[in-house]
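User: I have a protein to go through with you. Can we take it piece by piece?

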Amino acid sequence: MRPGPFAAGRLKIPPAAKPFKPSEVEEPSATVVETDKADIEEHKQPTSQTTDHDENIKEAEVRVAPTDQEVQEQDVVAESNRILSRIAMWDQQEQAVPESTPVPADDLAPSEHIHVMGLDPVGRYITHILASCDHIPPVRYVMHTPGVHNVFKQNDRKLTLYRGDQMITTNRIIAVNFNQGGDYTSPKQYALPSLISNLIITTPAADIVRILEPIKHRLDHRSTIVLINDGLGVVEDLIKTYYPSSITRPTFILGQFTGKLGYTGEQFSVEEVELGRLRMSIYPQQIQQSGVRIVRHPPIEHTLKPTRLLRTLTAIPDLRAAGFPMDDFFKKALPTIVFRSIVDPLTVVLDSTYDKLPKNAYARLVMDQLLSELCGVISRLPEVRDSPDFSRLTVIQRLRKEIYHKLVRQQTSSSRMRSNVARGWATDIDYQTGYFVERGRQLGLRVENLNSLIAEVKAKQKIQMDRQNMQIPFQL
């Protein structure tokens, strides 16, 4: 065995470093104290340093590795410090706005009220988390029909979250109804109090353009809309349909929720099966002038309007929200979006659960062909084509591995798209597979396989709709 640095003959300890015994130190006489007082004062500081050094050595000898709980607590503290530093940075940027900049007062202090639109599990979960936070006003929960509103009132206006063995109930919720009292239906009532400053939408991507039509007059440049879904292209459709002018256009934030939630059989409750995160990224504001695309500067992340909502959501611990630049957000959200764009439509076409696909050699071949075509589009997108993380080979290898990993985790469950098609309902395929088909055509790429997949899903959906319409209700 190789001798260590302190082995005999390797390193000699000088005589000055020899440890001393207290008995060997002579007591100074009173005469020495009086006559050599200045010398003693002069040497006090070195003596103190030597003592501190000895204490550090003793402290290091008894130091032990931190426990898992201590590591978790340190992570929580580090995360809190990160949030506080980010908020401080934003505050400093807001204070640095020149006084000569003409900014309306209501833009500097938007309403703290948050509206949530979405009765799905994600909508209920986010509403419950926000309503449980005493630092913000009660959440405005949008009910799309009077019947749903009545059910909520019969439930004592409560929302319940099941977390393990806990049942957490909150009633800090204000229900809002489209058709009751003219709350959202009359543009004549448009005024500052009717403005919706913060709106979180968790409904399926295919329904968003339609459900925003009754309240589009309550959303303008002072509003921030958070779209939480697994689709792409919704913002573009909203801009084209309702907000073509960049002057009156709301700020859009893309969001993705990664947690796993379960149904409980109750309309106003949700089960937290697996803890996740809420990822967000501000959609870049682009202005068209004379055929030239101008990207706003400074970046919109540094403007006053959306940062208020971002800070609020990020500061709520149970929400586990975090903001990302657009390229980082796209990279993190891409595996789920690609999974929804390829695997979910295949479950519809093959009428299969998730677990059957990896076992079918022909299904695996089709998935690889679709993935190759889709990754060709991704690697050519102007937003990411300059990044080495989005090269064609890198994207294919990474996404193929993550898709098959997700398939294994899904086990015998069925996709939501398959369930919707079986009922004749609309799906999000136009904002998943359809998004990549549209972008591929714009780039001059061949996307025949992806386009055929969309046609097959819609054909099956049409058959189911026709079957349901042919059913004649009767009474016994």
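User: Which helix does Asp-327 lie in?

Analyst: Asp-327 lies in helix H11. Helices are DSSP runs of H or I with at least four residues, strands are runs of E with at least two, and both are numbered from the N terminus. This is a predicted model, where local features need pLDDT of at least 70, side-chain atom pairs count only at pLDDT 80 or more, and totals for chains, interfaces and linings use all residues. Residues are numbered from 1 along each chain as its sequence is written, and side-chain values use heavy atoms, with hydrogens and water left out.

User: Is Asp-327 buried, exposed or partly exposed?

Analyst: Partly exposed, since its relative accessible area is 41%. Buried means under 20%, exposed over 50%, and partly exposed in between, with a 1.4 Å probe and protein chains only.

User: And how far apart are Asp-327 and Asp-389 in space?

Analyst: They are 9.9 Å apart, C-alpha to C-alpha, and 62 residues apart in sequence.

User: Now the whole protein. How many helices and strands?

Analyst: The protein has 16 helices and 14 strands. Of its 476 residues, 39% are buried.

User: Switching to rings. How many aromatic pairs?

Analyst: The count is six. Rings of Phe, Tyr and Trp (its six-membered ring) pair if their centres lie within 6.5 Å; planes under 30 degrees apart are stacked, over 60 edge-to-face, and the rest tilted.

User: Why is the Tyr-242 and Tyr-243 pair called edge-to-face?

Analyst: Because their planes are at 70 degrees; the ring centres are 6.2 Å apart. Tyr-242 and Tyr-243 are both buried.

User: What about Phe-339 and Tyr-354?

Analyst: That aromatic pair is tilted, with 5.5 Å centre to centre and 40 degrees between the planes. Phe-339 is in helix H11 (residues 326-349), while Tyr-354 is in the loop between H11 and helix H12 (361-380), 15 residues apart. Phe-339 and Tyr-354 are both buried.

User: Where does H12 meet H16?

Analyst: Gln-369, Leu-370, Glu-373 and Leu-374 in H12 meet Glu-448, Asn-449, Leu-450 and Leu-453 in H16. Contact means heavy atoms within 4.5 Å. The contact residues are four nonpolar, two polar and two charged. Here Ala, Val, Leu, Ile, Met, Phe, Trp, Tyr, Cys and Pro count as nonpolar, Asp, Glu, Lys and Arg as charged, and the others, Gly among them, as polar.

User: At what angle do H12 and H16 pack?

Analyst: About 115 degrees, with the axes 8 Å apart. Axes are lines fitted to C-alpha atoms, for helices over the stretch in contact, and angles run from 0 to 180 degrees between N-to-C directions.
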